[in-house]
Amino acid sequence: MLNRKVSLIIPVYNTVKYLRRCLESAVSQTYENMEIICVDDGSTDGSEKIVDEFAARDGRVIAVHQENRGESNARNTGLRIASGDYIGFMDCDDWIEPDMYECLVRELEEAGADMAIAGFYREFEETGKTRIQVRNEKTVEPKAFDGEMLLRYLYERDSYRTFAYIWDKLYRKEIVCSVSDGPILFDESIQLGGDVLYLAECALRTKRAVYVDKTFYHYLQRGDSGCHMPDLNRREDNIRAYQIVRHKFEEKQVEPFVLDLIKRILVYHSSNTAELAYELKDQEVLARCQGLMKQYEEVYKSLNANKPEWIERFDAILEYGV
């Protein structure tokens with residue numbers, strides 16, 4: 001039935017330069033049965049006024065204002081008040097194609113799925129950089145698949161690049177909420193990586209997923225965004241998020257291949273953080289990252305046997321010293 005409600009949750013914080021484009025794309029969806037929950041997380045640059053403007057002009061926009069508590073808290077605020085049959089997420093500097101939710105709702109319904117996954121573009125602010133349509137290197141077959149296959153697609157990142165994020169997806173409310181406990185919430189103790197934990201939890205609850213081979217979401221790459229900041233604490237939080245995922249998957253007895261894929265991602269983030277720690281001359285963080293790399297060295301080199309340049313970089317970083 002294409003009359004079920006979509007709750008789109010948008011945390012908003014000091015993005016006045018981009019917010020109007022974001023919200024215009026949300027209210028212009030061809031799928032009309034939506035509530036667009038904008039949680040202003042203590043903005044001070046005028047973003048809060050734009051949220052109120054859109055709420056005044058479109059009754060589907062719900063404006064919530066709170067003190068600055070972070071992106072995960074803002075998303076949790078949205079989840080607590082969401083009343084839709086489906087849940088979607090969007091970042092306040094991004095934008096979406098007009099038919100995104102009409103298409104994803106239809107595909108979910110036709111497949112009887114819990115999660116729909118689509119594609120995205122990488123957009124750039126820098127002059128001379130052009131839009132990149134992110135594509136999977138391998139074909140997703142079949143179009144609809146079970147939860148076990150979903151985990152493979154989610155974590156085999158170099159082959160299935162469109163699966164990595166929470167915002168190019170639509171979730172049946174039942175997999176993000178339980179009748180007794182309420183919604184699954186984002187971990188507010190993690191500065192970077194809360195979405196990593198959230199997507200893993202949703203995936204574990206998904207019995208059937210569907211892949212939509214269309215590109216709807218525009219992901220803006222900003223040099224001042226949180227994931228690009230040269231902040232070792234945030235980088236280590238992201239590593240910790242994947243360690244928590246690994247422990248959770250071990251407890252749930254997820255297949256060994258998926259666990260190895262998680263370990264490879266852990267090495268990837270540890271190596272990047274080690275390089276930054278080396279540049280910043282932080283011996284403790286460098287040593288911790290090198291320790292994780294050594295812990296998963298065998299798995300990493302086995303999975304990347306056909307990528308000698310990756311292994312060469314791995315070995316070089318292990319030689320770093322401060």
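Contact here means heavy atoms within 4.5 Å. In this predicted model, S72 lies in helix α3 (residues 71-81). Leaving aside residues up to four places away in sequence, S72 touches F186, D187, E188, I190 and G194. The relative accessible area of S72 is 10%, and the residue is therefore buried, the limit being under 20%.

For helix α1 (residues 16-27) and helix α2 (residues 47-57), the axes come within 9 Å and cross at roughly 20°. The two helices α1 and α2 are therefore roughly parallel to each other, since angles under 35 degrees are classed in this way. Their crossing is right-handed. On the α1 side the contact is made by V16, L19, R20, L23, E24 and V27, and on the α2 side by S47, I50, V51, E53, F54 and R57. Sorted by class, the residues of the contact of α1 with α2 comprise seven nonpolar, one polar and four charged.

The axes of helices α7 and α8 likewise come within 9 Å, with a crossing of roughly 20°. This makes α7 roughly parallel to α8. The crossing of α7 with α8 is right-handed. Helix α7 contributes V196, L197, A200, E201 and L204 to the contact, while α8 contributes N238, A241, Y242, I244, V245, K248 and F249. Nine nonpolar, one polar and two charged residues make up the contact of α7 with α8.

Helix α8 (residues 232-251) also packs with helix α10 (residues 283-295), at an angle of about 25° and with the axes 12 Å apart. Helices α8 and α10 are therefore roughly parallel to each other. The crossing of α8 and α10 is left-handed. The residues that make this contact are L232, E236, I239 and Q243 of α8 together with V285, R288, C289 and L292 of α10. The contact of α8 with α10 has five nonpolar, one polar and two charged residues.

Aromatic rings were considered next. A pair of aromatic rings is described by the distance of the centres and the angle of the planes. With ring centres within 6.5 Å taken as the condition for a pair, the count comes to 20 aromatic pairs. In one of them, the rings of F89 and Y198 have centres 5.6 Å apart and planes at 85°, so the pair is edge-to-face, a class that requires planes over 60 degrees apart. This pair links distant parts of the chain, with F89 in strand β4 (residues 86-89) and Y198 in helix α7 (residues 194-205), 109 residues apart. Both partners are buried: the relative accessible area is 1% for F89 and 2% for Y198.

The rings of F120 and Y165 also form an edge-to-face pair, because their centres are 5.5 Å apart and their planes stand at 90°. Here too the pair links distant parts of the chain: F120 is in strand β6 (residues 115-124), whereas Y165 is in the loop between α5 (147-155) and β9 (169-172), 45 residues apart. F120 is buried, with a relative accessible area of 0%. Ring pairs link F120 and Y165 with W167, Y217 and Y219 into a cluster.

Backbone geometry was examined at several loop positions. E141 and P142 are joined by a cis peptide bond, with omega about -10°. P142 is placed in the loop between β7 (132-133) and β8 (144-146).

Q253 has a positive phi of about 55° although it is not a glycine. Q253 is in the loop between α8 and α9 (256-280). With a relative accessible area of 72%, Q253 is exposed, the limit for that class being over 50%. K281 also has a positive phi, of about 60°, and is not a glycine. The position of K281 is in the loop between α9 and α10. At 64% relative accessibility, K281 counts as exposed.

Key. Residues numbered from 1 in each chain as written. Predicted model: local features only at pLDDT ≥ 70, side-chain atom pairs only at ≥ 80, totals over all residues. Heavy atoms only, no water. Axes fitted to C-alpha atoms, helices over the stretch in contact; angles between N-to-C directions. Helix = DSSP H or I, 4+ residues; strand = E, 2+ residues; numbered from the N terminus. Parallel < 35°, antiparallel > 145°, perpendicular 65-115°, else oblique. Left-handed = near helix turned anticlockwise from the far one by under 90°. Nonpolar A, V, L, I, M, F, W, Y, C, P; charged D, E, K, R; others polar. Phe/Tyr/Trp six-rings, centres within 6.5 Å; stacked < 30°, edge-to-face > 60°. Buried < 20%, exposed > 50% of the residue type's maximum accessible area, 1.4 Å probe, protein only.
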